[in-house]
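Please look over the sequence and the model before reading the points.

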Amino acid sequence: MPIILKAWIWLNKLSKKNPDYLPAFTTVMNRTWAHMFNMFLMRRDLFNRYMSWLFDILFEIEKRVDITDWSVYESRIYGFVSELLLDVWLERNQVSFKEQNVSFMEKQNWIKKGGAFLKRKMFSR
């Protein structure tokens, strides 16, 4: 089962524990875009609220999910989930945001990177 599907299943289960987040969860899961890389700047009060909410969920996933036999890539479930949860939290709490482009300073091998991406999408368990 692809890792993003595993992450989605867990997010779906956890959304039932936080029903007030369900509309935001549904909105975010139906988008074709998301804020990736877990990079953000925010006011301290928002940051503290978000971290408290986020880590409650991540610790719950950690208790319930055995990643022992998962690949190194799949073991990054907590990072994948947290990327999606940022958007759920922003949507639910109606936090306005501005986006900034991210630039890679080192040379990128786009053929290798694209091939690895396609391989994960087509052949991951």
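Helices (H or I, at least four residues) and strands (E, at least two) are DSSP runs, numbered from the N terminus. The model is predicted: local features need pLDDT of at least 70, side-chain atom pairs count only at pLDDT 80 or more, and totals for chains, interfaces and linings use all residues. Residues are numbered from 1 along each chain as its sequence is written, and side-chain values use heavy atoms, leaving out hydrogens and water.

**Pocket**
- The largest pocket holds about 670 Å³ of space; a pocket here is an open set of points on a 1 Å grid where a 1.4 Å probe fits, with protein on both sides within 12 Å along at least five of seven lines.
- A volume is the space filled by probe spheres set on the points.
- Lining residues have an atom within 4 Å of a point.
- There are 22 of them in the largest pocket, with His35, Met39, Phe40, Lys98 and Glu99 nearest its centre.
- H4 gives the largest share of this lining, three residues.

**Helix pair**
- The axes (lines fitted to C-alpha atoms over the stretch in contact) of H3 (residues 44-64) and H4 (residues 77-92) come within 11 Å.
- They cross at roughly 135°, on a scale from 0 to 180 degrees between N-to-C directions.

**Loop residues**
- Phe37, in the loop between H2 (22-29) and H3, has a positive phi of about 80° although it is not a glycine.
- Asn38 lies in the loop between H2 and H3 and has a positive phi of about 50°, although it is not a glycine.
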